[in-house]
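Please consider the structure shown below.

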Amino acid sequence: MEDIDVLRSELIATVNGSADLKTLEEARITALGKKGRITQLMKGLGAMEPDARKAVGARLNAVKDEIAAAIEARKNDLAGAAIDAKLMQERVDVTLPVRPGEDGRIHPISQTIDEVVAIFGEMGFQVAEGPDIEDDWHNFTALNIPPEHPARQEHDTFYLPGVGADGRRMVLRTHTSPVQIRTMLKQKPPIRIICPGRTYRCDSDATHSPMFHQVEGLVIDETTHMGHLKGCLIEFCRAYFGVDDLPVRFRPSYFPFTEPSAEVDIGCTREGGQFRIGHGDDWLEILGSGMVNPAVLENCGIDSSRYQGFAFGMGLERIAMLKYGIPDLRTFFESDLRWLRHYGFAALDVPSLVGGLNP
Amino acid sequence: MKFTLSWLKEHLDTEAGADEVAARLTAIGIEVESVVERSKGLEGFVVAHVLAAEPHPNADRLKACTVDFGEGPISVVCGATNARAGMKAVLARPGQYVPGIDVTLKKASIRGVESNGMMLSEDEMGLGSDHSGIIELPEDAPIGARAVDVMGLADPVFDVSVTPNRGDCLGVRGIARDLAASGLGKLKPLDASPVKGVFKSPIEVIREFPEGKGDACPYFVGRYIRGVRNGESPRWVKERLTAVGLRPISALVDVTNLLTLGLSRPLHVFDADKVRGHIRPRLARPGETMLALNGKEYTADAEMTVIADDEAPEALGGVIGAERTGCSGETVNVFIESAYFDAVRTASTGRKLNLQTDARFRFERGGVDPAFLIGGIEIATRLIQEWCGGEASELVVAGAEPDWRRDLKFRPVRVHTLGGVDVAKPEVERILKTLGFGVKETGSHMTVSVPSWRSDIVGEACLVEEVIRIHGYQHIPVVPLPPTASLPAAAWAPEQKRRVTARRALAARGMVEAVTLSFVAAATAELFGGAPEATRLTNPISSDLDVMRPSLLPNLIAAAGRNADRGIADAPLFEVGPQFAGDRPEDEAIVATGIRSGRRAPRNWAAPVRPVDVFDAKADAVAALAAAGAPVDNLQVSTEAPAWYHPGRSGSLRLGPKVVLAWFGEIHPGILGRMDVRGPVVGFEAFLDRIPAPKRRKGAARPHLVLSPFQPVERDFAFVIDAMVPAADVLKAARSAHPDLITEIRVFDIFAGGALEAGKKSLAINVVLQPRDKTLTDPEIEAVAAEIVSKVEKATGGSLRT
């Protein structure tokens, strides 16, 4: 029996010591081949007494299985080492930068429009549009701004040579308010629309651009009053700027197309030379609003004794500048790629209330 | 509009300070731009009497002065040439901060002479730039008094922005009335009682308007005052005018300014001895000229109102007076005009002449009270007599007070249903009455009569505004806007949404969105099809922004050029916006336009860089159209494109033969040359508005998906064809061999030259066959392959490369 133990140790050592598949095969033949040492011992079993044969046979079978398993294990080890060696040959420098990808951007104005639409859309507003080249009836007269009205003069209007229906002068719209008129002329109340778009004033300096963007809002039904105007606009300001308790102030003002009219300020602070929107000691004017002037409703064929509602308008560049800390209005239209990549937004950064509008 | 606190308090009985007044003004709709407390930081400076001013023993330019500021004589060294014994000066003492030179004074010895303070100039006080000498205070200034009081600086100056509807607030009294209504004091009575005339004016007023034009100047009140002495007006008047930015001129002129700003009652005072004959308000004769008080000559037209004498215009009605009859130091007899001019005509006169004046500003805003012509002239008469003496004539009245009386029906419930706030009826009445409205109960509603100075109040909504703005907008309860439905409908209409999607699709392809001006230079527009006359601006902001853009490309190409100048040569820019083919709404098109310049990708280790080419632009165009919902699989590609594209490297994507959905291609090198931009630049213009509206099908279900269990088979073919044969012809022919079986054809190789005959090219395609009901046998595959070869050879005249 001692022989078998010695033999087992010797054979396993040979198997485990095989440096490659060839030597391992030789070791297998030495142990388990037709003339292998274990095989030889098995052959000798027939000459034994039945009891001894049973004991030695079981023992030999166990050793045989053990060696076979050792050979299999060694084989796997040797194969793994060969693959490892091959993979090491295939190594690359993973610190190399990635291949150039697509790094597009959405302009801050488009993003701001999408944000504004997302908020007002949630409040049941739908987007309405009108042409950039308007006639002066839609842009002024229908909005209760007669030709010699000082408010018309203050608009710095761009004029075009053409004449429209009824001798109306063609102008570049000075605000998005004519879209109100176009909507009311073709749609019966209730109306709840917002109108983002390009607007134009014949003015250019550090804080003015001859083209800029506004968004107009209009609600017409039978019951909407100033309290709703406040509710709607406070909700907008807080959602847009992402400040839950943003102070919002309504001040009496004047627009020919609203009566009563209100200017809307939001709270801000300049403490420590750092401008911040929110609670503070100062106010910042951001939009104009009011209850639609009955004269405007009548101009659009809407019965002002039955219907009423509010309208508002704000500058999109202004609210984008405030929210995103963009210092200069004119840079919006300069198409400087450094600016666009810095202030622009990723393609998939689509504003929505479910996704949250603020970081 | 500027005024001082003391001016306000002349009309308003109140204890309120500047801050409280400012806050209330903003709350009731008179926006405060600024409140300047000019005396801030200057309160410690006192009036000093200069007792002696001797030459400094050790310095030529200095004087050793002895001054008394009420605590005995002290020594002060002063460098001003105007320092002299007997004068009254402003003294700053050691320990005090002098803002103009940013220095806190110390007791000092200047070249051996002790100096216990400093006598100040205007710029040292931080008041202006007058450095010519120290301030000379009036001789009667009390020694030791605060200099700011003597100088009239203690009075805070308000600058408010008055909305165009509130012409009445262009007078201090109007502002006082609003404040009184808001509860901040009480409006003081105004003494406009008549001054008895002691003679009949030798100058008459004869209105000479043609039939129907009398409203140009419907009402004119005049008065002759004889024997006046025109000099300086009292100090408080000069201080008041200076504080609000006006230059005191003479007593007679200052009276008119005081009434204009204080009571919104512009007046004109003629030197009566220079008036030839009588005063004749009339429309101007075309071409009549007048040298105005501002030294400029104006030519009137037939629509302008003038106040003429027998010979020529002496004033442009409601705008400005003439130099010829202006008052001077020699003026002895004057004629005062207090007239009413039509707002529209006055505005248009001023605008045509490009002339803004305090008078025009008030007339055109309806800020002049048509019932206050006589009141105004009485107050002016009293002031002139007080300051200049003289005897007043009886009033000269021409025309009649225009009918301004108006009653409005007012339902107080509208304060709640429109204004959104409950205001008790007695408070509603109080507010309206304090503002000057008459209020009468008439059954269920009120009848409200509008005061003469409130031409802006025309309906019930106006009255609601009056009530709630005085009551305070902060008291309107906030009410959420009720939802229209439990879930809102889509905010974007389909044709709007596709612009949003196209924009994001292009950004996802690495393009950077720009927003450029809607204008271009006419010459640039010419390169892109030209701008029609109807889109040429009448008053452009500059000559290079004078037409509406006929295409978005020029702005983007120019932007690429500017970026290249800054060292960024690769500019993948796009814009989704309007372009203009005319001035009608239907001439505006929303176009997704993009360009790429320079290289397609930056230099990198992984792949060689290549310049952008037409296929980049084509891919961008297809992507924009696909995102916007165009059926891109059904588009036809043709080689036609506008002249601003490279004629051999451009094309169009069409839906059917007529509808062009996009142009794409290399931008013509000639155009780039004209625009001074380095190529290559490729671009596309995708006309999103032309994409057919998405069909409103039943639901959003897709067609049923049938998956084949059988392996697809691929076969490659290479054809030698004429170089001019479009690849599209090969693909079309190949597909026609077995449209059901062929699911995909890819072009995987194309070359010319080498062993190929000149004028030929080799085009290799990979065809995917997808059997649906059984595995294809070799003979079946061979048959399809043979059919493909035969179709292609027949369609293109080419042959299979062997």
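The model is a predicted one.

The domain assignment of chain A gives two parts, domain 1 (2-89) and domain 2 (108-343). Taken over C-alpha atoms, the centres of domain 1 of chain A and domain 2 of chain A are separated by 90 Å. Chain B is divided into domain 1 (12-35 + 158-187), domain 2 (46-150), domain 3 (214-399), domain 4 (422-475), domain 5 (494-690) and domain 6 (713-800). Between the centres of domain 3 of chain B and domain 6 of chain B, again over C-alpha atoms, there are 94 Å.

The two chains meet through 79 residues of chain B, which are in contact with 71 residues of chain A. On the side of chain B that touches chain A, at least two residues each are supplied by helix H7 (343-353), helix H12 (460-471), helix H13 (494-508), strand E29 (512-513), helix H15 (553-565) and strand E32 (573-580) of chain B. H13(B) gives the largest share of that side, seven residues. By class, the residues of the side of chain B that touches chain A comprise 47 nonpolar, 19 polar and 13 charged.

Attention now turns to the interior. In soluble globular proteins, nonpolar side chains tend to be buried together. The largest nonpolar core here has 170 residues, and B:Val334 and B:Val467 are those with the most contacts inside it. Helix H9 (residues 226-241) of chain A contributes the largest share of this core, nine residues. Apart from this core lies another, of 80 residues, among them A:Met170, B:Val520, B:Phe580 and B:Val591.

Which residues surround B:Val467, leaving aside its neighbours within four places in sequence? B:Val467 is in contact with B:Val415, B:Gly419, B:Val423, B:Val428, B:Ile431 and B:Leu432. B:Val467 also takes part in the meeting of two helices, where B:Val428, B:Ile431 and B:Leu432 in H11(B) meet B:Glu466, B:Val467, B:Ile470 and B:His471 in H12(B). This contact of H11(B) with H12(B) has five nonpolar, one polar and one charged residues. Helix H11 (residues 425-434) of chain B and H12(B) pack at an angle of about 100 degrees, their axes being 10 Å apart. Angles of 65 to 115 degrees count as roughly perpendicular, and H11(B) and H12(B) are therefore roughly perpendicular to each other.

In chain A, helix H8 (residues 178-186) has the buried residues A:Pro178, A:Val179, A:Gln180, A:Ile181, A:Thr183 and A:Met184. These buried residues of H8(A) pack against strand E2 (133-135), helix H6 (136-139), strand E5 (191-200), strand E6 (211-221) and strand E11 (308-315) of chain A.

Two residues of chain B complete the account. B:Ala607 lies in the loop between strand E33 (588-597) and helix H16 (614-627) of chain B. B:Ala607 counts as exposed because there are 10 C-beta neighbours inside 10 Å. B:Ala607 and B:Glu429 are 178 residues apart in sequence, and 83 Å apart in space, C-alpha to C-alpha.

B:Lys760 belongs to strand E40 (residues 760-769) of chain B. With 16 other C-beta atoms within 10 Å, B:Lys760 is partly exposed. Leaving aside its neighbours within four places in sequence, B:Lys760 is in contact with B:Val720, B:Ile721, B:Asp722, B:Ala723 and B:Ala752. B:Lys760 and B:Tyr473 are 287 residues apart in sequence and, C-alpha to C-alpha, 82 Å apart in space.

How values were computed:
Residues numbered from 1 in each chain as written. Chains lettered and ligands numbered in written order. Predicted model: local features only at pLDDT ≥ 70, side-chain atom pairs only at ≥ 80, totals over all residues. Domains from an automatic or database assignment. Contact = placed C-beta atoms within 7 Å. Helix = DSSP H or I, 4+ residues; strand = E, 2+ residues; numbered from the N terminus. Nonpolar A, V, L, I, M, F, W, Y, C, P; charged D, E, K, R; others polar. Core = buried A, V, L, I, M, F, W, Y, C linked by C-beta atoms within 7 Å. Buried ≥ 20, exposed ≤ 12 C-beta atoms within 10 Å, placed from the backbone. Axes fitted to C-alpha atoms, helices over the stretch in contact; angles between N-to-C directions. Parallel < 35°, antiparallel > 145°, perpendicular 65-115°, else oblique.
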